[in-house]
Every structure is written in structure tokens, then in C-alpha cells.
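Please find below a short note on the model under review.

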Amino acid sequence: PSAAPYSTRSGFLVALFGGPLAILLYAALNSWRLRRPADLPVYVAGFALLIALLYAAIVDKQLVAGVTAILGKDTFRFLSSALSLGLCGAFYLLHKKQHRSAAFFGTKPPSPWIPAIACMVIGYFGVRAIGILLAGMRA
């Protein structure tokens with residue numbers, strides 16, 4: 001392989017602790033490292049799902065009223081975590097061939113610390129910024 005992808009474990013942890021925007025950014029870094037521009041439609045779909053989730057949670061709460069009745073006040077956190085882990089799985093499937101190839105050739109994955117932390121921080125504040133913009137639509 002031309003470049004080793006970041007480890008699957010680091011992607012899972014970014015999805016779990018960073019949220020949907022963080023895993024979108026982290027997986028985009030992986031695609032950029034692997035020179036895979038064909039993955040762009042998956043990122044657009046993932047971002048659209050994130051915007052739809054934020055819209056439903058902030059602007060039109062009736063869209064998730066049934067789920068909110070079951071989960072209560074933690075509905076957004078649960079749906080956000082489910083979206084993050086779903087995106088993580090989708091990106092793993094996109095890069096599965098590269099992960100297997102790197103493992104076969106014994107290529108050591110790059111250190112994920114700096115990109116992972118950066119993606120989680122940007123993801124956290126990015127979701128808050130998008131939420132503020134969507135809340136402005138409600139007013």
C-alpha cells in the first residue's frame with residue numbers, strides 16, 4: 001500500500017468520544033492519506049445525516065417525538081452516538097481493503113494521536129456551531 005490507514009481502533013474511539021462530525025473528519029483524513037477521492041459521496045451523505053439529526057433535534061422536534069418519548073432527554077445523545085458508530089462502520093467497510101493490505105504487508109499504522117484529538121475538538125465545536133446556526137432558523 002502507498003500509505004497505511006489510521007488504525008480501526010482509533011477510528012472507533014474518535015466516533016465514540018468525538019461524535020459524527022469528528023468521525024467524518026477523521027475518515028476524510030484517512031481517505032486523503034489513501035488518495036481515495038471516490039469516497040466523497042459517502043462523506044456528503046454522512047454530513048447530510050448529521051444536518052438532518054441536528055435539524056430534528058433543534059428546529060423540528062416533532063420529527064423525533066416518538067423516539068424522544070422512549071429515550072427521554074438523552075435522545076439526541078443516543079442518536080448522535082448511533083450515527084457516529086454507523087459512520088465508523090461505513091468508513092471501515094470503505095477502507096477494509098487498505099486495512100487488510102496494510103496488515104498483510106506488516107505496515108505499521110501512523111500515530112493517530114494528533115489527528116484524532118484535532119478531529120474531536122473540531123467536531124465538538126463544529127457541531128455546536130451548526131446547532132447555533134440551526135437554532136437561528138427556529139427563531
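Against which elements do the buried residues of α3 pack? The numbered points begin with the basis of the model and then answer this.

1. This is a predicted model, in which local features need pLDDT of at least 70, side-chain atom pairs count only at pLDDT 80 or more, and totals for chains, interfaces and linings use all residues. Residues are numbered from 1 along each chain as its sequence is written, and side-chain values use heavy atoms, with hydrogens and water left out.

2. The buried residues of α3 pack against α2 (20–34), α5 (75–105) and α6 (113–138). Helices are DSSP runs (H or I, at least four residues), numbered from the N terminus. The residues of α3 that are buried are Tyr43, Gly46, Leu50, Leu53, Leu54, Ala56 and Ile58; buried means under 20% relative accessible area with a 1.4 Å probe, protein chains only.

3. Helix α3 covers residues 40–58, and its 19 residues should span 27 Å at 1.5 Å a residue; the end C-alpha atoms are 27 Å apart, which agrees. The expected span is 1.5 Å times one less than the number of residues.

4. The largest nonpolar core has 23 residues, and those with the most contacts inside it are Val14, Ile23, Leu24, Tyr26, Leu54, Leu87 and Phe91. At least two core residues come from each of α1 (8–18), α2, α3, α5 and α6, and α2 supplies the largest share, six residues. Such a core is a set of buried Ala, Val, Leu, Ile, Met, Phe, Trp, Tyr and Cys residues joined through side-chain atoms within 4.5 Å.

5. Leaving aside neighbours within four places in sequence, Tyr26 is in contact (heavy atoms within 4.5 Å) with Tyr6, Ser10, Gly11, Val14, Pro112, Pro115, Ala116 and Cys119.

6. The largest cavity holds about 120 Å³ of space. Of the 14 residues that line this cavity, Gly11, Asn30, Phe91, Tyr92 and His99 are the closest to its centre. Two or more lining residues come from each of α1, α2 and α5, with α5 giving the most, five residues. A cavity is a set of points, on a 1 Å grid over the protein atoms alone, where a 1.4 Å probe fits but cannot get out; lining residues have an atom within 4 Å of a point. Grid points are joined across faces, edges and corners, and a volume is the space filled by probe spheres set on the points.

Notes
Buried < 20%, exposed > 50% of the residue type's maximum accessible area, 1.4 Å probe, protein only. 1 Å grid on protein atoms, 1.4 Å probe; cavity = no way out; pocket = protein on both sides within 12 Å on 5 of 7 lines; lining within 4 Å.
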